[in-house]
Amino acid sequence: MPYIVNRLIPKPKQVSIFDVLDNIGDTELRSRHITNGATVTRQVERVAPELLESVNIEHLISILNAFINRNKKLFEADKKSLYYEFYIPKSSGGLRKIDAPNDDLKAALRDLSAILVNDFGALYHTAAYAYVPGRCTVDAVKRHQANESKWLLKTDFSNFFGSTTLEFTMKMLSMIFPFSEVAALEMGKIALEKALSLGFLDGGLPQGTPLSPTLTNIVMIPIDHALAKHFSEKHMVYTRYADDIDISCQVGFKFSDEVAFINQTVRDFGAPFVIKPQKTHYGSTAGRNWVLGVMLNKDNQITIGHAKKKQFKAMIYNYLNDYKKGIKWDLNDVQTLQGLMSYYLMIERAYITHVIIETNKKHGLNLWKVMKADLGGRNA
């Protein structure tokens, strides 16, 4: 029973989009809030003949073989030699290992990712928010906000990328159209597995390549579908941001049962993922309930939190104060401030704009113009 994913593009018409969704039967999208980049996933008995006819399977196989042929040297090379590793700090503490491909491998994996998206038409489940054009962490939190959820469960998978094996990937792709049709042919299965093998290292997907994010979103479609359907039927919201899973409801629920359901679903699909008990948290919006780096508070507002607001006010005050004194900040620090300002404006535009205006008045400067001139002068 293959899975078919289509992009949902609501069009103005007399018929309600919810009527359309009811006809499709995709329960996870029957909500009051259709998010940007929404998709519809269906599991069907068999692919309709007209859909099969719209896809040239032999052509897709030839594209994979052409990819393999033009990257023959990379396939023959020692995998380890194609990567360099470094570590970045985790928000929860400790270090995260990143395996970054060299320029040649990066270009090849970017090409392969484009083949999956453009030629195969690969999408993602509507509950997925990471690595999706036009979506970000705030969009995921807005799904829970739109539901007016008061209770939230947060958890994640341990070593999500590293535990995603080529064998598991092929198993899941065999359930997802049109990969299922390609893999059904021996020559197609060989070509698909060979092409994808270029993106694996030490038995899993390395973090830091252009392929890993795309591939995990595709592979997770059946699991996301099963989880979203379950939670939707219980009037709950399910979102996934890479390995981060967030579930919410307007009323309290027995979170241990829902964690057990996630674990059972993962086992049913033979997935190599494991929930981290130490990263599983449940609570109400009346407390300090952080979701994907922001807070959904008791008034159903998304906020960066008091501590971050205080820190941001101090940062822009010190930046303008030093600028007036002729003290130049390091370029990385200015870029960090610019990034924080853009992100915070996206979350709490009215408040952040007010803080900037008030700080401008105190210094008799314009933060926007100062920062633009500062960065422009460095990059010139």
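**Entry 1: the pocket lining by strand**

I looked up which strands line the largest pocket, and found that β3 (83-89), β4 (95-101), β5 (151-156), β7 (244-249) and β9 (290-291) each supply at least two residues. Among the elements that contribute, β4 gives the most to this lining, with four residues. I note that the model is a predicted one.

I then took the volume of the largest pocket, which is about 1200 Å³. The lining counts 38 residues, and I recorded R96, D156, D243, D244 and K279 as the closest to the pocket centre.

**Entry 2: a helix pair**

I turned next to helix packing. For two packed helices, I use the angle between the axes and the distance between them as the description. Helix α5 (residues 103-119) packs with helix α10 (residues 211-219) at an angle of about 30 degrees, and their axes lie 9 Å apart. I listed the crossing of α5 and α10 as left-handed.

**Entry 3: residues at the helix contact**

Which residues of α5 and α10 meet? On the α5 side I found L109, L112, S113, L116 and V117, and on the α10 side L211, T214, L215 and I218. By class, the residues of this contact of α5 with α10 comprise seven nonpolar and two polar, with no charged residue.

Methods
Residues numbered from 1 in each chain as written. Predicted model: local features only at pLDDT ≥ 70, side-chain atom pairs only at ≥ 80, totals over all residues. Heavy atoms only, no water. Axes fitted to C-alpha atoms, helices over the stretch in contact; angles between N-to-C directions. Left-handed = near helix turned anticlockwise from the far one by under 90°. Contact = heavy atoms within 4.5 Å. Nonpolar A, V, L, I, M, F, W, Y, C, P; charged D, E, K, R; others polar. 1 Å grid on protein atoms, 1.4 Å probe; cavity = no way out; pocket = protein on both sides within 12 Å on 5 of 7 lines; lining within 4 Å. Points joined across faces, edges and corners; volume = space filled by probe spheres on them.
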